[in-house]
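Thanks for coming. Please have the structure open while I talk.

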Amino acid sequence: MNTVIDQAVQVRLIATAPGPHAVPAMLHYQPADPLAVRMSFPAEISLDGSPVDWAFGRELLDEGLRVPAGRGDVRVRPSGPDRTVMEFHADEGIAMVQLKTEDVRRFLARSYEVVPAGGEVAHLGMERGLAELFGAA
């Protein structure tokens, strides 16, 4: 099964300047990388004018809808009943965005339809990878 899930979301960039502004972003999930979610941002919000992609655990995104989650480069936490805040930590600084929690829930539900929670191992292709590593493929 080669199902890929892309979902456009509107995020509000939280900045030190007055008033957050809305920018488009894309949540991306594919069973070939069953543990990860990717989030893509347009070039307009990056410091160098290039599109920005972040990869992080699907479980992190799910957990962050309920309680603060993450200790590394990506952190997710609820912000009231209808919003979720994501923080992206890089050498250049921290970017914070706010999403509608319902958009994230809908995206995760679609990903769990394709690869249920706990079923990720079946999609990792470990046997094929080991066979290639040991020259049996």
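Which residues have the most contacts inside the largest nonpolar core? They are V11, M39, F56, L61, M86 and F88, in a core of 28 residues. Before going further, note that this is a predicted model.

As background, nonpolar side chains in soluble globular proteins tend to be buried together.

Take M86 as the example from that core. Leaving out neighbours within four places in sequence, M86 is in contact with M39, F56, L61, V74, R75, V76, A95, M96, V97 and L99. M39, F56 and L61 on that contact list are also among the residues with the most contacts inside the core.

Now the chain as a whole. The secondary structure consists of three helices and seven strands. In sequence order, the pattern reads β-β-β-β-α-β-β-β-α-α. There are 137 residues, and 32% of them count as buried. For contacts with a separation of 6 or more, 37% are between residues 24 or more positions apart. The chain exposes about 8,300 Å², of which carbon and sulfur atoms supply 54%.

Next, the largest pocket. How much space lies in it? The computed figure is about 390 Å³. Its lining is made up of 15 residues, with I45, S46, L47, V52 and A95 nearest the centre. Strands β4 (52-57), β6 (83-90) and β7 (93-100) are the elements that give two or more residues to this lining. Of the elements, β7 gives the most, with four residues. Sorted by class, the lining has eleven nonpolar, two polar and two charged residues. One link back to the core discussion: A95, one of the residues nearest the pocket centre, is also a contact of M86.

Staying with β7, that strand also holds Q98. Is Q98 buried or exposed? Its relative accessible area is 10%, and the cut-off for buried is under 20%, so Q98 counts as buried. Beyond four places in sequence, the contacts of Q98 are Q10, V11, R12, I14, S79, R83, T84 and V85. V11 on that list is another of the residues with the most contacts inside the core.

On to strand β1, residues 5-14, and to V9 within it. V9 is buried as well, at a relative accessible area of 4%. Apart from residues up to four places away in sequence, V9 touches V23, P24, A25, M26, L27, M39, L99 and D103.

D103 is the contact I would look at on screen. V9 and D103 are separated by 94 residues in sequence, yet their C-alpha atoms are 6.8 Å apart in space. What is the relative accessibility of D103? It is 13%, and D103 therefore counts as buried. Outside four places in sequence, D103 touches Q7 and V9.

Last, a loop residue. P31 is placed in the loop between β2 (21-29) and β3 (36-41). Its relative accessibility is 4%, which puts P31 in the buried class. P31 and Y112 are 81 residues apart in sequence, with a C-alpha to C-alpha distance of 10.0 Å.

Terms used: Residues numbered from 1 in each chain as written. Predicted model: local features only at pLDDT ≥ 70, side-chain atom pairs only at ≥ 80, totals over all residues. Heavy atoms only, no water. 1 Å grid on protein atoms, 1.4 Å probe; cavity = no way out; pocket = protein on both sides within 12 Å on 5 of 7 lines; lining within 4 Å. Points joined across faces, edges and corners; volume = space filled by probe spheres on them. Nonpolar A, V, L, I, M, F, W, Y, C, P; charged D, E, K, R; others polar. Buried < 20%, exposed > 50% of the residue type's maximum accessible area, 1.4 Å probe, protein only. Contact = heavy atoms within 4.5 Å. Areas by Shrake-Rupley, 256 points an atom, 1.4 Å probe, with all protein chains shown as cover. Core = buried A, V, L, I, M, F, W, Y, C linked by side-chain atoms within 4.5 Å.
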